[in-house]
Amino acid sequence: MTLTRPVQRLDGAPLLDVAGRSFPTNRGGLCKKGWTSPVVLDAPGRLTAPLVRGPDGEFVETSWEDALDLVAHRIRDAQAAGGPDAVGVFGGGGLTNEKAYQLGKFARAALRTSRIDYNGRFCMSSAAAAANRAFGLDRGLPFPVTDLDAARTVLILGSNMADTMPPLLGHLEGARSKGGLIVVDPRRSSTARLTEDGAGMHLAPAPGTDLALLLGLAHLAIAEHLVDDDYVGSRTTGFAAFRRSVVEWWPDRTQSVTGVPAERLRQVVRRLAEGEAYILTGRGVEQHADGTDTATAAINLALLLGLPGTTGSGYGTMTGQGNGQGGREHGQKADQLPGYRSITDPSARDHVAGVWGVEPQSIPGPGIPAVQLLETAGSAAGVRCLLIHGSNPVVSAPNVEAVRAAFDRLDTLVVCDFVMSETAARADVVLPVTQWAEEDGTMTNLEGRVLRRRRAIDPPGEAHSELWILAELAGRIAPGVRFDDDAETVFDELGRASAGGRADYSGIDYGMLDGEEPVHWPYPAGGSSTPRPFDQRFAHPDGRARFVSVRRRPNPEAPRGSEQLWLVTGRLLEHYQSGAQTRRVAELVAARPRLELVLHPAAAEARGLADGDVALIANDRGRVTAPVTLDAGIRMDTVFLPFHFADADSANLLTSDAVDPVSSMPEFKTAVVTVTRA
């Protein structure tokens, strides 16, 4: 986008004007959230001074020096009593690359704690784990978005991009015009409706059966001799074992499990095999206790058909958060060092320690993933002091009541945010930070393209960047380790720390990003941009992609009898993530002011409910009430709630904290509930 600042602000007018800018991914288009984003810069509840909770439980403003001294004192006390791991850090996928890197460095080099993870664990972890084991590299889209323009067929599994990223729809028009848009979703979402009038197909499998659907499609591809044998033979390994693993998923069995007609399965796989095809996955098939295996099954299908790394075809996953790609590359994850390196790799530890100026043995080992980190907080096995940056987990975490109870047990909760989020409201110390138009930095988009974020206006009051906050805290806790607060300097250090890693940024600098040429990682020093990293070979040492055989396991829970229904959660066009920002924009709130339950008319009638009635949605974890919206486009055994609302309206009061054994992704999408009149 292009930003301009008015010469004089008028009462009620936003601080900035936003105008569309010609750019390959969005071609000047923005969604409602983008057009209204300047409103958040001075939205109600904007934080402008450090706050400390007083003896009476109320917040009082204080100086930065006193606030940081207090935080450092609480950190030292916690670690004196319980060791380095008594302090934890929780980050966010919306932080700039520089802040994500600095946060990981701060945890390992200043706090020397292993207890760090981030909210990307709830978003991209299954897709990342699947890509790493299949391709040796996790890049959301290993091709530019514009490649989709020429597609004949695009299969979208579990992504409602018409609501979550509307500007991307322009890249699907070619496939729609050829009748090749295929959308998999248990409800007729805005994206699924784009398949109407001959533009494609909508498949509505039963919740929790996406893996079975993909295994069935793979079986059909093999049975109907649609496999690209030359590609499989020259670019992959593991096919023989994989072939045996899908023998049992013949079409009639797949139909009986998923509810998708066998003939429709045949139509889909034949269409994909005709070429110029892409398979794209999203959170709907990944936010499960078998999310890694489901994403792997999608990759296996793509490999059978010769799509990844092929001109005019491909496989990719849709990144969810603002810096969802860059945020998971430079050290926020519990088991990761900068450059997408493993924290258990001795050579990686040696390299990063050299950049940080610390001894390799001082860097802690792997920590624990997000659900465990948050739910054990305040217990004997968990952290006593927790620092949160760029996240609102008391709304966004699964089984959120357990997280709220854990936060109440903490000795100290410190939250860095620019609004008084629901998590900040529970904190002992709240530190005001800058947001998008008030800071320099970089982001990495879903194509692996590194982009500049440029400061356009001064932050309000005493708000500071996390780079400054972390440098100030480190000076109090670990003065022997250098921390800079200048974004460009931190980015240069990030490049050195990432050198030689899978996500190598060492050849990128701000001057390059200010130019016109696109910059995609990996970009090693002396190298070049890599928009299509799999064109010649995959990232495993032998250059081949891996077929990974996966099997369907029982869901953590399933409806028992006709009274119970599947609950799926998701996003709305008007709101974003936990809603901490968008629920402060009057235009967006007016359009979507409250939580609503989407229910099939037949399911509503069976429960004595009509459109607009207030329903009670409940299970063993929690209870939520919401007015009913009837929609014949959702399965009769399924209901839908958006997850943007807070407190008693949080859909995550109902979701499960069962996790994927590979990625530790929570089971957000297949909770079981009863629905009755409130």
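This is a predicted model: local features need pLDDT of at least 70, side-chain atom pairs count only at pLDDT 80 or more; totals for chains, interfaces and linings use all residues.

**Strands, cavities and single residues**

User: How many bridges join strand S23 (residues 614–618) to S26?

Analyst: Strands S23 and S26 run antiparallel. Helices (H or I, at least four residues) and strands (E, at least two) are DSSP runs, numbered from the N terminus, and two strands pair if DSSP finds at least two bridges between them. Ala 615 has Arg 677 in S26 as its bridge partner. The bridges joining S23 to S26 number 4.

User: In what order do the 6 strands of the barrel close?

Analyst: The pairing in this barrel is mixed, and the twist averages 45 degrees from one strand to the next; such angles run from 0 to 180 degrees between N-to-C directions, with axes as lines fitted to C-alpha atoms. Strands S21 (residues 564–570) and S26 (residues 671–677) pair in the antiparallel sense over 4 bridges. Gln 564 stands opposite Thr 674 in S26, and Trp 566 opposite Val 672. The order is S21-S25-S22-S24-S23-S26.

User: Which strands are at the edges of the open sheet of 5 strands?

Analyst: This sheet has the order S9-S8-S7-S11-S12, with parallel pairing. An edge strand pairs on one side only. The two that do so are S9 (200–203) and S12.

User: Which residue of S8 stands opposite Val 154?

Analyst: Strands S7 (residues 153–157) and S8 (residues 181–184) run parallel, joined by 4 bridges. In this pairing, Val 154 stands opposite Leu 181.

User: Why is strand S5 described as largely enclosed by the rest of the structure?

Analyst: Buried means under 20% relative accessible area, exposed over 50%, and partly exposed in between (1.4 Å probe, protein chains only). In a regular strand, side chains alternate between the two faces of the sheet. In S5 both faces are covered, with Val 87, Val 89 and Gly 91 on one side and Gly 88 and Phe 90 on the other. Strand S5 (residues 87–91) is therefore largely enclosed, as its buried residues are 5 of the 5.

User: What is the handedness of the β-α-β unit made by S5, helix H3 and S6?

Analyst: A crossover is right-handed if, with the strands pointing away from the viewer, the path from the first strand over the helix to the second runs clockwise. For S5, H3 (residues 97–111) and S6, the unit is right-handed.

User: What is the volume of the largest cavity?

Analyst: On a 1 Å grid over the protein atoms alone, a cavity is a set of points where a 1.4 Å probe fits but cannot get out, and lining residues have an atom within 4 Å of a point. Grid points are joined across faces, edges and corners, and a volume is the space filled by probe spheres set on the points. The count comes to 4 cavities of 30 Å³ or more. The largest has a volume of about 60 Å³.

User: Which helix and which strand each supply at least two residues of the lining of the largest cavity?

Analyst: The lining includes Ala 127, Ala 131, Tyr 315 and Thr 317. The elements that each supply at least two lining residues are helix H4 (125–135) and strand S12 (314–317).

User: Is Asn 132 buried or exposed?

Analyst: Asn 132 has its place in helix H4. With a relative accessible area of 17%, Asn 132 is buried.

User: What is the omega of the cis peptide bond at Pro 522?

Analyst: Pro 522 lies in the loop between helix H20 (510–513) and strand S20 (545–546). The cis bond joins Trp 521 and Pro 522, and omega is about -5 degrees.

Terms used. Residues are numbered from 1 along each chain as its sequence is written. Side-chain values use heavy atoms; hydrogens and water are left out. On a 1 Å grid over the protein atoms alone, a cavity is a set of points where a 1.4 Å probe fits but cannot get out, and a pocket is an open set with protein on both sides within 12 Å along at least five of seven lines; lining residues have an atom within 4 Å of a point.
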